[in-house]
Amino acid sequence: MKKKVMLSLLAAMMATYSQAQTPTEAYRPAFHFTPEKNWTNDPNGLLYYEGEYHLFYQYNPFGDTWGHMSWGHAISKDLIHWEHLPLAIPEFDNPDGKSQTMIFSGSAVIDYGNKSQICPPGTKDCMVAIYTGHVHAKGEELEQHQNLAYSTDKGRTWTQYAKNPVLTLGTPSFRDPNVFWYEPQKKWVMSVVKPDIHTAMFYESKDLKSWTKTGEFGKQGDVSKIWECPALMEVPIDNEPGKKKWVLYISSGHPVEGFVGMQYFVGNYDGKTFTLDKGSPKPAKAGWGNVIDYGKDYYAAIEFNNLPKSQMKPITLGWALNWTYAKELPTSPFRGGMTLPREVSLKRTPEGLILIQKPYLELAKLKRTALESIKSVSLAKEEKDLNKATGDRLEIKAELLPEQAREIGLKLYKSGDEETIIRYVNGKVQLDRRKSGQVDFNPSFASVEEAPAKLKNGVVKLHIIVDASLVEVYINDGEAVITDHVFPTKKDGKVSLYTKEGKGSFKNVTVEKLD
């Protein structure tokens, strides 16, 4: 009997050990980037070079909450399939023996021919990271300044520049350098923020080592929260060949109590500073900037540097999380990840130039299986299950015609009393995740996000990407986007179509499984 009890105890211990060694992967996206384990936030150093896309990112090598910030690293041939590489730039102890420097956000560039001589002589091309050094001691923020690190082997190993920092104001709040090559004046340009005074500052350099301030832009749009992660890029205007405008991205908190998470400004850059364009759209609400993403889980997006000349539109990538509940997210062994890469352009409307975002076309090359295809169906205050449309890796396209219906939409992950609703009502598309599964890990998670959506010939178009715990909704060919996490507890969730209080129609509905 004693032997049986001991064996039972041993079996129980082994089962517990096995569970501990096999963390739940149910919520890990398949074609959105996530680290193998631990915490990640902002994308950094987005760069293309010799056939490889580089993604560096804020990373904690020691745990799944924020801290010990360093640069993680992954590469890809297509921005969908990623290969993890060793830690790129770790935090380090300072010579004073009392303080440390975390590696905060920044960008990366290629110095062709090693003209600035940051890499050792004889280096063909020098990959240079420009990042914020966050100096701290015993929990106190001492200083933030801009630094360089370099790589001679395509980003596999890194060396700190010996004469860091290259730009400092001697303050604890000065960060997130975004650097690119400005061909008209043959120089490097940096945008960097003073977060507490809502100001982006612009600098120029010929060698990446010596920087001169040329202008600033600020105190516009949403100034209810700090400004972070600027990204200045030249963006083409759709259907106007050869015409472009400059767009400035600013991250500014998250959409809590009606405020935006990321905003953009359309304007001009003259080699010195950024100014607003007269045709820039007016914000939807007083105190708002122009919203980049209306969801709660989109932040710190920046653009890829050094893209091939054949890529006519900038490609951006954002952090798919929200600071409010990021440390409580029910994922393991990782916490945090990235959105899909997005091609961005501008579109001229009666209200001015607006930002257009679409999933990068490499997504179309994923292997897929057709699950449902409906040319047209009308519903009158009823719901129609798409019985074949199950799974958690889906691409859904649909045209919604509200007609007499007060509300019309789709339900995802529908199982029992669980559902995630995407609907059109009162001139807006809403994503309702209040009954989406696990919602009680933070009081602000159960929510309804909404984006403005104009009917065009009576139709609103939706393009929905579902990847385990992440849902991205592109509205009217990218005129607005909602990105949100959901954590369904059921594995048998279906997709359904529905209307309320009147007849409405659905056209060109397709559901495909993405493998």
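Author: Let's start with the largest pocket, which has a volume of about 1100 Å³. This is a predicted model, so local features need pLDDT of at least 70 and side-chain atom pairs count only at pLDDT 80 or more, while totals for chains, interfaces and linings use all residues. Residues are numbered from 1 along each chain as its sequence is written, and side-chain values use heavy atoms, with hydrogens and water left out.

What do I mean by a pocket? On a 1 Å grid over the protein atoms alone, a pocket is an open set of points where a 1.4 Å probe fits, with protein on both sides within 12 Å along at least five of seven lines; a residue lines the pocket if one of its atoms is within 4 Å of a point. The grid points are joined across faces, edges and corners, and the volume is the space filled by probe spheres set on them. The idea behind this is simple: rolling a probe the size of a water molecule over the atoms shows where empty space is left.

The lining of the largest pocket counts 30 residues, and F180, W181, N305, N306 and L307 are the ones nearest its centre. Four strands, β6 (100-112), β11 (175-182), β15 (228-236) and β16 (244-251), each put at least two residues into that lining. Strands here are DSSP E runs of at least two residues, numbered from the N terminus. By class, the lining has 17 nonpolar, four polar and nine charged residues.

On to the rings. The structure holds 29 aromatic pairs. Rings of Phe, Tyr and Trp (its six-membered ring) pair if their centres lie within 6.5 Å; planes under 30 degrees apart are stacked, over 60 edge-to-face, and the rest tilted. Take Y57 and Y59: their ring centres are 5.6 Å apart and the planes sit at 80 degrees, so that pair is edge-to-face. Y57 is buried at 4% relative accessibility, and Y59 is buried as well, at 12%. Buried means under 20% relative accessible area, exposed over 50%, and partly exposed in between, using a 1.4 Å probe and protein chains only.

F441 and F445 make another pair, with centres 4.7 Å apart and planes at 45 degrees, so that one is tilted. Relative accessibility is 16% for F441, which counts as buried, and 0% for F445, also buried. A charge sits over a ring if NZ of Lys or CZ of Arg is within 6 Å of the ring centre and within 35 degrees of the ring normal.

K411 does something of the kind with Y498, lying over the ring face at 5.0 Å from its centre. K411 belongs to strand β28 (residues 407-415) and is buried, with a relative accessible area of 10%. Although K411 and Y498 are 87 residues apart along the chain, their C-alpha atoms are separated by 7.9 Å. Setting aside residues up to four places away in sequence, K411 touches E383, E419, T420, I421, K494, V495, S496 and Y498, where contact means heavy atoms within 4.5 Å.

What about the backbone? Most residues other than glycine have a negative phi, and most peptide bonds are trans. Here, the bond from N164 to P165 is cis, with omega near -5 degrees, and P165 is in the loop between β9 (159-160) and β10 (167-168). The bond from S332 to P333 is cis too, with omega near 5 degrees; look for P333 in the loop between β21 (315-319) and β22 (334-335).

As for phi, N114 is not a glycine but has a positive value of about 55 degrees. N114 sits in the loop between β6 and β7 (125-137) and is buried, at 0% relative accessible area. K138, another non-glycine, has a positive phi of about 50 degrees. You'll find K138 in the loop between β7 and β8 (140-151), and at 86% relative accessibility K138 counts as exposed.

How values were computed. Nonpolar A, V, L, I, M, F, W, Y, C, P; charged D, E, K, R; others polar.
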